Amino acid sequence: MAESENDRAAKRSKTDAINERGDEGERSSDSPVSDFEVTRILRECAREKNIFIHGKVKGQDAVVILEKTPIRQDTLSELLKSSQLQLEMKNDVYSTYQLQAPAHLNEIKTTVICPATEKHVKKYLHQEVFLVEESGEDYRNLTLPYISSQSFSVQWVHNILEKKAEADRIVFEDPDPVTGFVLLPDFKWDQKQLQDLYLIAIVHRRDVKSLRDLTSEHLPLLTNIRSKGEDTIQRQYGVPPSKLRVYFHYQPSYYHLHVHFTSLEYNAPGCGVERAHLLSDVIQNLQADSSYYHNRSLAFPLRADDALLLKFKAAGKL
């Protein structure tokens, strides 16, 4: 199968990143996974080929996420030629096998969160989900006080903005303190293929928590993110704006304004209508009404044990 220019661009980008960081094959001598003691399975999905595990590392609570990496077009020939096949069933023209791939083509992406807080554990625990419709008044009376009362740390975001962490992963930065942002790959994307491309734009200014805070004053910021983010992705990865999904989450997973850039081919977590708001729609809404997101009712999903859901229930909103 011929390798496309997009795939070659992704490989070049990955190679450049490897050269900047050093030997990608280097392994930590102090592996948190080798000491991991399993407590329970938080959730698993055979379709998405991942599993979320709660346990302990040296006495500290931890969450480990195991995800089977996608099969890549550029390694297909090697995969088929160098793997061992074990026949399971044959019937007429149909046959199934267990394929044992070489270790370097059989990777499992592993994410470790340690020490993990109760919030981290709950985030990955399978639970019932409820759709909440939040009016502007609900936001001011219920949601905002809840957010203000919680210690939702975004120090890791500040570390990125201040180049104290992940500086080598930043693919673009506009340093302007008002309209600027950094663009870097999301950890959900291994940067080995473009079908699941996923980058995050994090704004430099720290006074905007979410979609609810946006007014027409922020239009220069939003149009700058859209323009320079799309230009960077097309230049760096060969993916045009017409093949991108660019959106906000509401509620966001962390309260520092950020924008998601994903491939249209990728069914990314949270890209459904109940949570995602296209950046282009947000810009048009604010151009028409500066207070649109201050007053508009917004729907979003909450899990059964979410403290915010309990506040909506107590207020008779569910």
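A residue is called buried here when its relative accessible area is under 20%. By that rule D213, at 18% relative accessibility, counts as buried. Please keep the cut-off in mind, colleagues, as the structure above is a predicted model.

I begin with confidence. The protein chain has an average pLDDT of 88, and 90% of the residues reach at least 70. Over residues 1-6, however, the pLDDT is below 50, although this stretch has twelve contacts in the model beyond near neighbours in sequence. Residues 8-26 also stay under 50, and for them the model has 18 contacts beyond four places in sequence.

I turn next to the salt bridges. The structure holds 16 of them. D213, with which I opened, meets K209 in a salt bridge, at 3.6 Å from N to O. K209 is partly exposed, with a relative accessible area of 27%.

A second pair is E107 and K192, whose closest N and O atoms are 2.6 Å apart. E107 lies in the loop between β5 and β6, and K192 in the loop between β9 and β10, so the pair ties together parts that are 85 residues apart in sequence. E107 counts as partly exposed at 31% relative accessibility, whereas K192, at 17%, counts as buried.

D305, at 27% relative accessibility, counts as partly exposed, and K122 is partly exposed at 30%. Salt bridges that share partners join E118, K122 and D305 into one network.

Let us now look at helix α7, residues 279-288. Which of its residues are buried? They are L279, V282, I283 and L286. Seen down the axis of α7, these buried residues fall within an arc of 100 degrees, so they line one face of the helix. They pack against α6, β11, β12, β13 and α8. T215 itself lies in the loop between β10 and α6 and counts as buried, at 15% relative accessibility.

On the surface, L80, L85, L87, Y97 and L99 form a nonpolar patch with about 510 Å² of accessible area together. The elements that give two or more residues to this patch are β4 and β5. L85 has its place in strand β4 and counts as exposed, at 53% relative accessibility.

I close with the backbone. Where do the cis peptide bonds that I wish to show lie? One runs from C114 to P115, with omega near 0 degrees, and P115 is in the loop between β6 and α3. Another runs from Y250 to Q251, with omega near -5 degrees, and Q251 lies in the loop between β11 and β12.

Two residues other than glycine have a positive phi to point out. For K58 phi is near 50 degrees; K58 lies in the loop between β2 and β3 and is exposed, with a relative accessible area of 62%. For D92 phi is near 60 degrees; D92 is found in the loop between β4 and β5 and counts as exposed at 63%.

Definitions and conventions
Residues numbered from 1 in each chain as written. Predicted model: local features only at pLDDT ≥ 70, side-chain atom pairs only at ≥ 80, totals over all residues. Heavy atoms only, no water. Buried < 20%, exposed > 50% of the residue type's maximum accessible area, 1.4 Å probe, protein only. Helix = DSSP H or I, 4+ residues; strand = E, 2+ residues; numbered from the N terminus. Arc of directions from axis to C-beta. Contact = heavy atoms within 4.5 Å. pLDDT = per-residue confidence, 0-100. Patch = residues over 30% accessible without salt bridge, like charges linked within 9 Å, V, L, I, M, F, W, Y side chains within 5 Å. Areas by Shrake-Rupley, 256 points an atom, 1.4 Å probe, with all protein chains shown as cover. Salt bridge = Lys/Arg side-chain N within 4 Å of Asp/Glu carboxyl O.
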